[in-house]
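Hi everyone, thanks for coming. Have a look at the sequence and the structure while I talk you through them.

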Amino acid sequence: MTWSEIVKLAKKYPAVTESVSYGEPSLKVGSKLLTRYREQDNSLVILDVPSQERELLIEAAPEIFFLEPHYKPHDIVLVRLDNIAPKEVENFLERRWRNSATKKAIRAFDNI
């Protein structure tokens with residue numbers, strides 16, 4: 001997957017905007033980070049992934065999921081975009097969006 005494909009997937013959710021985070025392309029819901037692209041290794045920072053789930057993902061598919069030490073204290077997993085299916089990314093983005101969007105935006109999206 002490419003960053004432009006990620007943007008297209010995420011823009012279907014209300015209030016998602018393109019931004020910059022830590023000097024890299026990102027997507028936000030209002031002022032909250034939805035995801036961030038890591039250009040140096042063509043990966044994506046996926047938020048709202050608890051450590052137990054993250055460990056299972058990395059164990060089951062290390063070619064897709066990984067972690068760097070400074071992310072360990074956070075509910076984050078890194079995803080190699082060359083190896084992940086769009087539907088999997090979409091599922092992670094939607095979960096993060098639902099945890100970040102307003103109740104009104106979620107209701108509007110669910111009633112589409």
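What you're seeing is a predicted model, where local features need pLDDT of at least 70 and side-chain atom pairs count only at pLDDT 80 or more, while totals for chains, interfaces and linings use all residues. Residues are numbered from 1 along each chain as its sequence is written, and side-chain values use heavy atoms, with hydrogens and water left out.

Okay, the sheet. Helices (H or I, at least four residues) and strands (E, at least two) are DSSP runs, numbered from the N terminus. Six strands make an open sheet, in the order E1-E2-E3-E4-E6-E5, with antiparallel pairing. Two strands pair if DSSP finds at least two bridges between them. At the edges sit E1 (16–21) and E5 (65–66), each pairing on one side only. Take E4 (residues 43–47) and E6 (residues 76–80): they run antiparallel and are joined by five bridges. In one of those, Ile46 has Val77 in E6 as its bridge partner.

Now look at helix H1, residues 3–10. H1 lies across E1, E2 (24–29), E3 (32–38) and E4, running at about 5° to E2. For angles like that, axes are lines fitted to C-alpha atoms, for helices over the stretch in contact, and angles run from 0 to 180 degrees between N-to-C directions.

Not counting residues up to four places away in sequence, Thr35 touches several residues, including Trp3, Ile6, Leu44 and Leu93. Contact here means heavy atoms within 4.5 Å. A polar atom of the Thr35 side chain also lies 2.6 Å from the backbone oxygen of Val45.

Last stop, the helix pair. The axes of H3 (residues 86–100) and H4 (residues 103–110) come within 8 Å and cross at roughly 135°. That makes H3 oblique to H4: under 35 degrees counts as roughly parallel, over 145 as roughly antiparallel, 65 to 115 as roughly perpendicular and the rest as oblique. Who meets whom? From H3 we have Glu94, Trp97 and Arg98, and from H4 Ala105, Ile106, Phe109 and Asp110.

H3 also contains Ser100, which is buried at a relative accessible area of 7%. Leaving aside neighbours within four places in sequence, Ser100 is in contact with Val29, Lys32 and Leu33.

Terms used. Buried < 20%, exposed > 50% of the residue type's maximum accessible area, 1.4 Å probe, protein only. Polar contact = N/O pair within 3.5 Å; in protein donor to acceptor, adjacent residues only side chain to side chain.
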